[in-house]
Amino acid sequence: MSHFSKLNPEQFAAIGAAFDAIRNGILADLGERDASYIRTLVKRQRRLEIGGRVMLMIPPAWPLGVAALSLSKILDNMEIGHNIMHGQYDWMGDPTLNSRTFDWDSADTAKNWKQTHNVEHHTYTNVLNRDHDVGYGLLRMSTQQKWEPRFLANVPLTVILHTFFQHFVAVQNLKLEEVLIYKTKTTAQLKEDFKPVWKKMRKQLAKDYVLFPVLAGPLAPLVFAGNAAANLARNVWACAVIFNGHFPEDVEQFPESVLEGETRGHWYVRQLLGSANFSGGRLMHIMSGNLSFQIEHHLFPDLPAHRYAEISPQVRAICEKYGLPYNTGSFLGQTLSTWKRIFKLSLPTRSEPQGNGEISRRAPASAAANEAAMELAA
């Protein structure tokens, strides 16, 4: 039974007000500390990329080059690109750090990512048939998803997803399963939607596997291999971080009916129940884009992510006050829990209680999800 059923309308309202107060407190405190943080990080990321690409052309330093370039790509995607495109630094008025103009070192277009991630995922977090991140159209990640024989491939497909994560994210907005499996989308529609995606993919592939290898001359094979290794490291790490924040066994998914009459307080509680954190030191948090605080990120996606560590005790206190879970654990523990879920759901499941129970319906007509969508799309 979901924790939704344990709360009354007054408690939902109080929870909404409490989380709004945390958010407003951080917004009022934004300033030079935050601007300095992101600008310093961007400088370090660029130095790592330049240093990494140079070392790839020096055979004895090749492993260090791969490491530096891998770190550069991870930082670009996780702590810089992901967070800037959430609008976390729009208040600075810096066009190079603005969500409307920023692009990242990834196969996915910024426009498509902001639609599937900022709007669809963060508005409808873990709502089946509304949040495409639940399984990415490939995997069965909930007992509420009807089992199909194709889900026997849950485990190998998850490995493939980790390996080529940036490209799966790039085509996510195309909803390939609607063409290949459910036949609800035409091939002509797919071709049209794929044009901007393929343009961005070509650009990334040309940069890493043509331009820089050619510039290396006789050392082209080393540079080609180094770029491939760095992209693989970035893909596996990013996918693992995201899976650990969304799919450990105790993280809930929800039926579409949860959106009926959803208030701000309901929305906040759904974010809590649909998220998980993992512990680690400062470097772990930076390299994960602070998605090690996935709970806080789902609650406050437009706040600078480096602030999540300082507000997490306040979030945990609210959870304790209202008897809500605060799902956290070690990186390894959350990883094992996630893979256990992936394996279990590859097989048909017996009829069982749907971990989401009865959802409270005692709120006025649903404005919270629409309000959140408008905020995130802005």
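Entry 1, terms. I take buried as under 20% relative accessible area, exposed as over 50%, and partly exposed as in between. The model I am reading is predicted.

I looked up Glu178 and found it in helix H7, residues 176–180. Its relative accessibility is 27%, so I log Glu178 as partly exposed. I then checked a contact across the chain. Glu178 and Leu190 are 12 residues apart in sequence, and their C-alpha atoms are 9.5 Å apart. Gln189 is partly exposed because its relative accessibility is 42%.

I counted secondary structure next. The protein chain has 15 helices and zero strands. Its radius of gyration is 21 Å, close to the 21 Å from the globule rule for 378 residues, so the chain is as compact as a globular protein of that length. Along the principal axes, the C-alpha atoms fill a box of roughly 70 × 55 × 40 Å. Of the 378 residues, 53% are buried.

I searched the whole structure and got 21 salt bridges. One of them pairs Asp302 with Arg23, the closest N and O atoms being 2.4 Å apart. This pair links distant parts of the chain, 279 residues apart: Asp302 is in the loop between helices H12 (294–299) and H13 (308–321), and Arg23 is in helix H1 (residues 9–29). Asp302 is partly exposed at 22% relative accessibility. Arg23 is buried at 14%.

I turned to Glu120 and Lys175, whose side chains meet in a salt bridge at 3.6 Å, N to O. Glu120 lies in helix H4 and Lys175 in the loop between H6 (165–172) and H7, so the pair ties together parts that are 55 residues apart in sequence. Both Glu120 and Lys175 are buried. I also traced a network: salt bridges with shared partners join Glu49, Arg53, Lys73, Asp105, Lys207 and Asp208.

Within that topic, I opened the Arg53 and Glu49 pair, a salt bridge at 3.3 Å, N to O. The two are four residues apart in helix H2, so about one helical turn separates them. Arg53 is buried, with a relative accessible area of 9%. Glu49 is partly exposed at 23%.

Which residues form the positive patch? I find Lys43, Arg44, Arg47 and Arg282. Helix H2 (residues 32–55) gives the most to the patch, with three residues. Lys43 is found in helix H2. At 51% relative accessibility, Lys43 counts as exposed.

I noted a nonpolar patch too. Ile50, Val54, Met57 and Ile58 make about 340 Å² of nonpolar surface. Val54 is in helix H2. It is partly exposed, with 42% relative accessibility.

I checked phi, since most residues other than glycine have a negative value. Asn126 has a positive phi of about 60° although it is not a glycine. Asn129 also has a positive phi, near 75°. Asn126 lies in the loop between helix H4 (110–123) and helix H5 (154–163). Asn129 lies in the loop between H4 and H5. Buried or exposed? Asn126 is buried at 1% relative accessibility, whereas Asn129 is exposed at 70%.

Notes. Residues are numbered from 1 along each chain as its sequence is written. This is a predicted model: local features need pLDDT of at least 70, side-chain atom pairs count only at pLDDT 80 or more; totals for chains, interfaces and linings use all residues. Side-chain values use heavy atoms; hydrogens and water are left out. Patches are made of residues with over 30% relative accessible area and no salt bridge: like charges are joined within 9 Å, nonpolar side chains (Val, Leu, Ile, Met, Phe, Trp, Tyr) within 5 Å. Accessible areas come from the Shrake-Rupley method with a 1.4 Å probe; for residues, only the protein chains shown count as cover. A salt bridge is a side-chain nitrogen of Lys or Arg within 4 Å of a carboxyl oxygen of Asp or Glu. Lys and Arg count as positive and Asp and Glu as negative; His and the chain ends are not counted. The place of a charge is taken as NZ of Lys, CZ of Arg, CG of Asp or CD of Glu. Buried means under 20% relative accessible area, exposed over 50%, partly exposed in between (1.4 Å probe, protein chains only). The radius of gyration is taken over C-alpha atoms; the globule rule is 2.2 Å times the number of residues to the power 0.38.
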